[in-house]
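Subject: The two-ligand model

Hello,

Here is the structure I promised to pass on. Please open it first, and then read my notes below.

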Amino acid sequence: MRVLSIASECAPLVKTGGLADVAGALPAALAGQGVQMRTLLPGYPAVTAALRDGAEVARFDDLFGASARLLAGQAAGLDLLVIDAPHLFARPGNPYLGPDGRDWPDNPERFAALSWVGAWIGTHGAGGWHPQVLHGHDWQAGFVTEYLRQMGGRPATVLTIHNVAFPGTTDASRMHSLRLDPGRFHVDGYEFYGGISALKAGLMGADALTTVSPTYAEELMTPEFGMGLDGVMRHRRSALTGILNGIDTDAWNPATDPAIQPYAGLDGKAANKAALRAEMGLPDADGPLCVIVSRMTHQKGLDLVLEALPALLDRGGQLALLGSGDPGLEYGFRLAGDQNPHVATRIGYDEALSHRLIAGGDAILVPSRFEPCGLTQMYGLRYGTVPVVGLTGGLADTVINASPAALARDVATGIQFSPVTVDALRGALTRLCQLYADRDTWSRLVANAMAQPVGWDQSAQAYAALYARLTAGR
Ligand code: ADP
Ligand code: GLC
């Protein structure tokens with residue numbers, strides 16, 4: 001089975017969030033299922049620099065403004081197709097943002113180009129390789145189905161929704177610069193509330209839709225979570241399935257992780273906790289050391305943590321946070337760190353520190369208002385760092401709440417709270433401190449967390465079965 005994955009970021013080459021982790025992990029996870037996956041990426045500087053033996057397999061005279069080449073090669077163990085288009089992608093920094101921290105004004109065209117090349121490969125192949133399935137991720141791959149219609153290509157199409165909060169909208173006047181067929185500017189096409197939405201185009205056009213957890217699949221069909229696309233989701237209900245993400249269990253393995261002092265169980269966490277406290281300048285304390293590794297946006301509910309913090313600190317708990325994003329939240333956590341010796345804040349993006357935090361913490365807080373899947377709570381499980389999570393999306397599907405019944409049956413792996421409010425978070429932090437103080441219960445919770453499977457096995461089978469179903473008889 002030949003599948004082209006179409007993604008705007010892919011770990012370890014270029015990453016702003018979990019989408020990159022998933023795009024980076026899928027090819028290896030699916031190889032075991034007989035799927036040969038190649039990944040189409042924009043030629044950002046980090047990608048073209050890493051590409052080894054890149055061979056030109058196609059040339060485009062005018063790819064949204066200038067000529068471009070399609071290169072095939074390998075990097076970081078991935079089989080890549082890379083769009084070498086300096087006018088679109090040879091830019092510094094993040095894939096989406098300019099140096100001023102704002103979206104590049106031509107993002108609609110930049111990712112339309114990604115989708116266009118994806119559709120082109122689906123129609124013409126690349127260097128003799130013809131994918132049977134085009135598997136796009138998020139709005140950046142939304143127009144694939146629109147361009148396939150224009151080109152007459154016939155591969156099966158899958159679109160995975162990692163976050164419906166990014167609909168890829170732009171003004172209707174961009175229709176021509178985006179090379180969209182004006183005749184498809186209607187409710188069954190790419191029109192969205194009078195404008196254009198790349199995600200909507202893909203949601204209407206793809207043969208199959210997936211999202212990254214079963215609970216989020218249900219939530220997407222509700223006005224509360226659908227962000228204006230819930231009607232489209234309900235309309236396409238029969239095409240939509242939730243397939244839970246896994247994590248890279250090699251990169252995130254407490255027994256072999258080069259960034260930490262490797263360990264196999266609760267006892268081994270003590271050395272990492274002591275090292276983390278020393279690194280973060282935190283004194284000893286009796287309560288749990290909570291950690292957070294997160295983008296700082298409204299989605300992640302970190303404002304609730306600032307408000308509920310006394311519930312943790314008053315019981316001897318501590319907090320260490322690594323993140324960046326919203327300036328108001330960055331300021332709030334910096335201030336909390338300055339004002340309280342038991343709070344440590346590091347603003348920035350730091351892969352190695354994220355491992356040390358997750359290894360050294362007792363608990364990881366993920367109080368998201370919505371969370372399509374979430375990966376850090378799974379890192380927490382694997383490292384015996386008990387997740388405290390809002391009951392939503394993938395957080396609902398990956399954590400077993402320490403209810404009296406679950407504790408009695410010894411199956412609990414974390415703490416869930418609902419609704420996602422300051423009061424409920426306070427309650428969860430109070431519960432955390434109580435559980436932590438009961439050493440027997442705590443050690444069973446940690447052991448259960450570490451034993452919970454968080455890899456790709458099941459989900460890789462689900463994707464492979466989906467591809468097989470879509471291509472049967474084609
Ligand atoms: P999202 O994709 O919504 O940001 P996920 O939990 O799916 O949320 O994925 C986030 C990924 O980004 C995880 O791999 C997490 O460890 C990583 N991450 C987020 N913020 C940082 C940071 N400041 N430093 C290092 N890694 C981070
Ligand atoms: C998105 C979501 C996150 C998910 C990730 C990977 O960034 O916000 O919940 O884990 O995609 O699918």
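A term before the results: a polar contact is a pair of N or O atoms within 3.5 Å; within protein, one must be able to donate a hydrogen and the other to accept it, and residues adjacent in sequence count only if both atoms are side-chain atoms. This is a predicted model, in which local features need pLDDT of at least 70, side-chain atom pairs count only at pLDDT 80 or more, and totals for chains, interfaces and linings use all residues. Residues are numbered from 1 along each chain as its sequence is written, chains are lettered from A and ligands numbered from 1 in the order in which they are written, and side-chain values use heavy atoms, with hydrogens and water left out.

Ligand 2

An oxygen atom of ligand 2 sits 2.8 Å from a polar backbone atom of G374. Taken alone, ligand 2 exposes 310 Å², and the protein buries 93% of that (accessible areas by the Shrake-Rupley method with a 1.4 Å probe; for residues, only the protein chains shown count as cover). A polar side-chain atom of N245 is 2.8 Å from an oxygen atom of ligand 2, and a polar backbone atom of C373 is 3.0 Å from an oxygen atom of the ligand.

The shell holds 13 residues, with H162, N245, E371, C373 and G374 the closest (near means that a heavy atom of the residue lies within 4 Å). Domain 1 (2-246 + 457-471) and domain 2 (266-451) both contribute to this shell, so ligand 2 lies between them (the bounds come from an automatic or database domain assignment).

Ligand 1

Around ligand 1 there are 19 residues, of which G18, R295, K300, G348 and Y379 come nearest. An oxygen atom of ligand 1 is 2.6 Å from a backbone N or O atom of G18, and a polar side-chain atom of K15 lies 2.8 Å from an oxygen atom of this ligand. A nitrogen atom of ligand 1 is 3.1 Å from a polar backbone atom of D350. On its own ligand 1 exposes 560 Å², of which the protein buries 93%. Its shell draws at least three residues from each of domain 1 and domain 2.

Between the domains

The C-alpha centres of domain 1 and domain 2 are 33 Å apart. Contact (heavy atoms within 4.5 Å) links 19 residues of domain 1 with 17 residues of domain 2.

Best wishes
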